[in-house]
Amino acid sequence: LFSPFVSSCVQVVRTLTEDDVALGAFRWSLNLISRILCRVISEGSTIVMRAINENSAKQLRKAVGCAPRSKRSEWMLNITVGTESISPLMWAISTGSLDAAEAIIMDLLTIRA
């Protein structure tokens, strides 16, 4: 995903400088950034977050349907990756995934016996 972007950036910088050390350092730093981004995307990708990114209430209901009853609300209100925490509900609202946000709120307000 990021490999073509890194290659094109290095090609552009190659036209601006002939310093091989600077070009190598630029390539190395972009490769490092791309690996970090790939890791963040893969580790932070839960079924709830995928549903939110798709803005799909149906996928969201299916995703939280897999959750144990005691963890259902936690899946919609708090996701922790490494040392960072994010609220899927707040993420849905801030990114404009209002169908998914509405589904989260409706699910949280549902009284289950």
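Is Cys38 buried, exposed or partly exposed, and what is its relative accessibility? Cys38 counts as partly exposed, at 36% relative accessibility, where buried means under 20% relative accessible area, exposed over 50% and partly exposed in between (1.4 Å probe, protein chains only).

The model is predicted, so local features need pLDDT of at least 70 and side-chain atom pairs count only at pLDDT 80 or more, while totals for chains, interfaces and linings use all residues. Residues are numbered from 1 along each chain as its sequence is written, and side-chain values use heavy atoms, with hydrogens and water left out.

1. Cysteines. If a disulfide is taken as a pair of cysteine sulfur atoms within 2.5 Å, the count comes to zero. The sulfur of Cys9 lies 14 Å from the closest cysteine sulfur, in Cys38, which is too far for a bond. Cys9 itself counts as buried, at 18% relative accessibility.

2. Nonpolar cores. A nonpolar core is here a set of buried Ala, Val, Leu, Ile, Met, Phe, Trp, Tyr and Cys residues joined through side-chain atoms within 4.5 Å. The largest has 16 residues, of which Val48, Ile52, Leu60 and Ile104 touch the most other members. Two or more residues are given to this core by each of helix H3 (47-54), helix H4 (57-65), helix H6 (88-94) and helix H7 (98-109), helices being DSSP runs (H or I, at least four residues) numbered from the N terminus. A second, separate core of six residues includes Cys9, Val10, Val13 and Leu23.

3. Contacts of Val48. With neighbours within four places in sequence left aside, Val48 is in contact (heavy atoms within 4.5 Å) with Leu60, Ala63, Val64, Trp75 and Pro88.

4. Helix H2. Both Trp28 and Ser34 are found in helix H2, which spans residues 20-43. Trp28 counts as exposed, at 56% relative accessibility, whereas Ser34 is buried, with a relative accessible area of 11%. Not counting residues up to four places away in sequence, Ser34 touches Phe2 and Val6.

5. Surface patch. Trp28, Leu32, Ile36 and Val40 make a nonpolar surface patch of about 400 Å²; patches are made of residues with over 30% relative accessible area and no salt bridge, with like charges joined within 9 Å and nonpolar side chains (Val, Leu, Ile, Met, Phe, Trp, Tyr) within 5 Å. A salt bridge is a side-chain nitrogen of Lys or Arg within 4 Å of a carboxyl oxygen of Asp or Glu, and accessible areas come from the Shrake-Rupley method with a 1.4 Å probe, only the protein chains shown counting as cover for residues.

6. Backbone. Asn55, in the loop between H3 and H4, has a positive phi of about 55° although it is not a glycine. Most residues other than glycine have a negative phi. Asn55 counts as partly exposed, at 27% relative accessibility.
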